[in-house]
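Hi,

Here is the structure I promised to send over. Have a look at it first, and then read on for what turned up.

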Amino acid sequence: MERRTASRASVLLHLTAAVHLGYAIYYDYRFAQLPQLAVTLRLEPPMGGKFKYMTFLGGLLQFGYYSLALTYDLLRLRSLRKLRDYVLATYVVPLALTVGMTFWTLYGIDRESIYPELLDLVYPNWLNHAMHTFVVVYALVEMGVTRHQYPQRRRGFAGLGAFMAAYLVWIHFVWFRTGIWVYPFLGGIEWPVRILFFALIMALGFGYYLLGEHLNLVLSVRSPRDRRWSGSD
């Protein structure tokens with residue numbers, strides 16, 4: 001067990017993010033449901049439920065991370081710190097930025113291709129921002145208020161690459177079984193463009209990992225005390 005206590009800012013952030021995202025996930029799973037008509041009209045694949053959407057899976061991961069970070073704030077176990085740092089570096093920052101930036105970019109180009117107005121009836125605005133905006137805000141603020149030790153890059157890349165590859169396999173399996181893409185716009189583009197899109201998303205994921213790694217390095221040398229990571233946060 002480590003002696004130093006967590007900063008109040010870290011505890012407040014982790015508690016706020018865990019409660020906020022936890023409720024958002026609960027509401028999304030319990031209440032934000034498309035009517036059965038969407039399946040009948042082949043607008044949504046009839047399998048996988050919420051677990052076929054990266055937004056929901058990413059939200060679960062973000063909620064799990066802030067719950068883990070809060071647990072570490074309270075218990076100060078070295079094993080939890082190492083797990084916390086690995087999850088933050090490998091999944092939380094890259095996936096938050098990938099989900100958030102990709103969603104809002106596509107939303108700005110053609111809203112109907114990624115988030116049709118029909119969804120406003122079941123997916124309230126606050127929930128949309130919780131899952132696509134606040135995940136980015138929380139991740140960036142987390143890097144500013146809590147010190148982290150990034151893992152070796154090859155370990156981080158391996159974990160992130162495995163997650164993204166597994167998700168691609170999953171959505172292709174859903175398409176193979178149902179003939180319906182999880183994201184409708186994928187059905188409107190040809191295979192060469194589709195492959196380029198997937199490659200771009202994976203490249204951006206690794207790019208966001210490097211961005212987080214660089215940001216963590218910059219923040220860790222902001223004062224003489226922080227030049228040597230001390231594990232105090």
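Predicted model: local features only at pLDDT ≥ 70, side-chain atom pairs only at ≥ 80, totals over all residues.

Let's start with helix α8, where the buried residues are Gly-156, Gly-159, Leu-160, Gly-161, Met-164, Tyr-167, Ile-171, Val-174 and Thr-178. "Buried" here means under 20% relative accessible area, with exposed over 50% and partly exposed in between (1.4 Å probe, protein chains only). Helices are DSSP runs of H or I with at least four residues, strands are runs of E with at least two, and both are numbered from the N terminus.

Residues are numbered from 1 along each chain as its sequence is written, and side-chain values use heavy atoms, with hydrogens and water left out.

Back to α8. Its buried residues pack against α3 (54-75), α4 (78-109) and α9 (191-220), where contact means heavy atoms within 4.5 Å. The helix covers residues 153-178, which is 26 residues, and runs 37 Å from its first C-alpha to its last. That is close to the 38 Å expected at 1.5 Å a residue (the rule is 1.5 Å times one less than the number of residues). Just past the end of α8, Gly-179 has a positive phi of about 75 degrees.

One of the helices that α8 packs against is α4, and Ala-96 sits in α4. Is Ala-96 buried or exposed? It is buried, at a relative accessible area of 1%. Setting aside neighbours within four places in sequence, Ala-96 touches Gln-62, Tyr-91, Val-135, Val-136 and Ala-139. Leu-13 is 83 residues from Ala-96 in sequence and 16 Å away in space, C-alpha to C-alpha.

Now the whole chain. It has 9 helices and 0 strands. Of its 233 residues, 46% are buried. Among contacts with a separation of 6 or more, 80% are between residues 24 or more positions apart. The C-alpha trace spans about 60 × 35 × 30 Å along its principal axes.

Cheers
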